[in-house]
Amino acid sequence: MKPSNQPSSQDRKLGKEEEQLLDDLGIFGQSRRTFLNQMSAAGISLMAVPYFTSDMFAQAPKAPDLDPESLLNALEVNLKINGDTYPLQVDSRMTLLDALRERLNLTGSKKGCDHGQCGACTVLIDGKRKLSCLTLSATCKDKEITTVEGLAQGTDLHPVQAAFLKHDGFQCGYCTPGQICSAVSLLDEAKRGEVSYVTENVKDEVTQLSDKEIRERMSGNICRCGAYNNIVQAIQEVHSGKAEMPRWEFATEQELEASRTAE
Amino acid sequence: MRPFQFHCPSSAAEALQKHSRDQKTHYLGGGTNLIDLMKEDVERPDHLIEVADLPFKEITQTANGGLMLGATLNNNKTANHRLVRKNFPLLTMAMLSAATEQIRNMATNGGNLLQRTRCPYYFETSMPCNKREPGSGCGALNGANSKSAIFGWSESCVATHPSDMCVALAALNAKVHVEQADGSSRVIPFTEFHRLPGDQPEKDTNLETGELITGIELPKSEFPDHYYYYKVRERSSYAFALVSAAVGLQMQGNTIIKAGLALGKVAHKPWKLENVERFLEGKEASLSTFEAAAELAFEDAQPLSKNEYKIELGKKTLVQALVRAAARS
């Protein structure tokens with residue numbers, strides 16, 4: 001099959017939605033041309049990630065106040081999330097995940113299976129990785145909760161976030177917030193010398209993790225796209241402190257041209 | 001999920017007092033099993049009493065050289081505690097084979113003992129299950145029973161206990177400390193804590209209504225050097241066992257002085273192998289001895305229509321665990 005003869009990205013006419021996205025991202029003029037040169041439109045969502053800042057999330061609409069009458073067995077909880085305190089009245093049944101997503105518009109934590117099987121909802125509670133889908137909001141009083149939104153310092157990404165970008169530790173990105181929170185916790189666990197089931201002798205502390213150790217310790221985060229190799233590479237780079245070449249790179253103009261004209 | 005009232009007592013006494021006898025009440029530990037079952041509409045409590053933050057979070061040395069594991073300490077902290085790793089590495093290994101870092105950070109020690117079966121008929125509310133709904137029948141008896149019990153089952157239930165931790169606790173002869181509503185307490189030997197289904201499969205344990213687990217006592221360490229928890233499962237991490245074996249050996253040269261053995265996922269409770277422990281004592285560690293031990297262990301196995309494979313798998317699992325435990329130096 002002969003591939004369609006697409007114009008190169010810099011002179012391709014952008015769709016209305018694409019224009020809007022770039023406007024929203026604040027990418028204009030020369031930056032926009034540079035940005036488009038780096039990528040095809042299909043990859044916009046990927047490259048857009050570093051351009052998202054907490055300011056953008058802050059513009060999300062506020063959750064409507066609920067009529068307390070609509071809550072069954074209502075409870076008052078002060079949720080401390082990413083350094084902020086949110087007084088909230090919740091139904092006793094409301095999980096932390098639902099409170100984050102449906103009441104506080106912190107939609108970084110994802111609902112995958114909602115049964116503790118996939119890890120997409122992983123957050124840090126008092127510094128430990130836990131599943132927000134199996135945690136009742138009512139049990140979170142006085143606990144410090146960190147979600148993926150709380151990892152970056154302003155526009156400076158957390159080293160694990162930066163490594164996931166560099167090593168392409170995702171495809172669709174749905175499991176990524178959970179993977180990243182999980183990995184951040186894994187680094188602390190390693191610093192404490194914690195062992196795992198694959199540790200040769202659990203009587204010895206383990207501070208330098210092999211890839212096998214990282215795989216075992218990340219087994220609670222399922223990636224349906226199968227980005228596991230890159231995820232392990234990203235975590236290993238931050239853990240070991242040794243920079244590694246990513247397994248991917250942008251195609252050159254010549255390679256793109258060759259693929260367009262190939263039979 | 002059905003509505004329930006949530007209680008957050010600040011002491012064990014308050015928790016025990018809040019446990020209502022006329023309405024369905026559960027203590028809530030880490031919630032990794034109970035909240036899931038509530039979402040599945042399998043568990044329908046009227047009251048939840050949070051006990052995860054009650055002050056049973058210590059690991060202390062007992063007078064006779066053992067350890068007391070606090071009931072509300074989480075599984076990861078317990079497994080990684082310096083004294084547990086040093087003196088009870090079998091327990092560390094079994095605990096870390098279970099679930100994931102996230103789940104073990106939530107799950108409490110007391111809650112681990114009280115987790116319910118993973119039998120699919122128990123989870124599927126449109127199916128019969130005597131454990132979920134006494135009198136409705138057992139779907140697994142002549143149904144999808146490839147993961148069901150091969151020991152100690154009854155016509156009313158063929159479910160297995162899913163815990164890894166409990167298999168090691170059975171091998172290590174642990175004891176469970178519980179408090180009762182009137183303020184008194186009692187100690188239950190581990191082999192008597194869980195029960196076989198009989199005609200009351202809705203009862204997993206011999207706990208009485210409202211009793212609260214406060215600690216798990218480990219006797220003086222006997223197997224700090226020769227230990228292995230061998231878990232066979234359908235993927236290499238984050239899966240329940242098909243069969244597992246916990247082995248602790250005390251060796252003098254190549255002679256076995258003492259053995260602590262239990263199998264997992266073969267019965268309604270962790271399957272302690274007392275006769276095999278006695279068989280091994282005084283014998284030389286060798287492959288033929290271990291194979292004879294495995295034959296003895298599965299002598300009374302009664303497979304169902306789709307789980308005969310567990311006998312061969314179980315024998316090999318036990319032999320592998322024995323070989324690995326003996327080979328440690």
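Reply: Happy to! Chain A is divided into domain 1 (68-150) and domain 2 (157-263), with bounds from an automatic or database domain assignment. This is a predicted model: local features need pLDDT of at least 70, side-chain atom pairs count only at pLDDT 80 or more, and totals for chains, interfaces and linings use all residues. Residues are numbered from 1 along each chain as its sequence is written, while chains are lettered from A and ligands numbered from 1 in the order in which they are written.

Me: How many residues does each domain of chain A give to the contact?

Reply: Domain 1 of chain A gives 15 residues and domain 2 of chain A gives 13 residues. Contact here means C-beta atoms, placed from the backbone, within 7 Å.

Me: Which element gives the largest share on the domain 1 side?

Reply: That's β3(A), with three residues. Both β3 (122-125) and β4 (128-131) of chain A give two or more residues there. Strands are DSSP runs of E, at least two residues, and helices are runs of H or I, at least four, numbered from the N terminus.

Me: Switching topic, where is A:Gln117?

Reply: A:Gln117 sits in the loop between α5 (96-103) and β3 of chain A. A:Gly220 is 103 residues from A:Gln117 in sequence, yet their C-alpha atoms are 7.3 Å apart in space.

Note on methods: Contact = placed C-beta atoms within 7 Å.
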